[in-house]
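Dear colleague,

I am passing on the model below, together with some notes on its charged side chains. Please read them alongside the coordinates.

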Amino acid sequence: MKVANSLRSLKQRHRDCRIVRRKGRVYVINKTQRRFKARQG
């Protein structure tokens, strides 16, 4: 999982990426290509 300051560029790596807020953190998740996970901060 990548940890990044901004998720805007990571969201555009694949068309199935979604941005999700969990427990005060922002995540990029992808159900089809699981290697595109990321967390902000």
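The structure holds 1 salt bridge, a term used here for a side-chain nitrogen of Lys or Arg within 4 Å of a carboxyl oxygen of Asp or Glu. That salt bridge joins the side chains of Arg15 and Asp16, at 3.7 Å from N to O. Arg15 is exposed, at 74% relative accessibility, whereas Asp16 is partly exposed, with a relative accessible area of 23%; buried means under 20%, exposed over 50% and partly exposed in between, with a 1.4 Å probe and protein chains only.

This is a predicted model, in which local features need pLDDT of at least 70 and side-chain atom pairs count only at pLDDT 80 or more, while totals for chains, interfaces and linings use all residues. Residues are numbered from 1 along each chain as its sequence is written, and side-chain values use heavy atoms, with hydrogens and water left out.

Arg39 is buried yet has no salt bridge, and the nearest side chain of opposite charge, that of Asp16, is 22 Å away (Lys and Arg count as positive, Asp and Glu as negative, and His and the chain ends are not counted). A polar atom of the Arg39 side chain does, however, lie 3.3 Å from the backbone oxygen of Gly41. Leaving aside neighbours within four places in sequence, Arg39 is in contact (heavy atoms within 4.5 Å) with residues including Met1, Leu7, Arg25 and Tyr27.

Val20 and Arg39 are 19 residues apart in sequence and 9.6 Å apart in space, C-alpha to C-alpha.

Best regards

Key:
A polar contact is a pair of N or O atoms within 3.5 Å; within protein, one must be able to donate a hydrogen and the other to accept it, and residues adjacent in sequence count only if both atoms are side-chain atoms.
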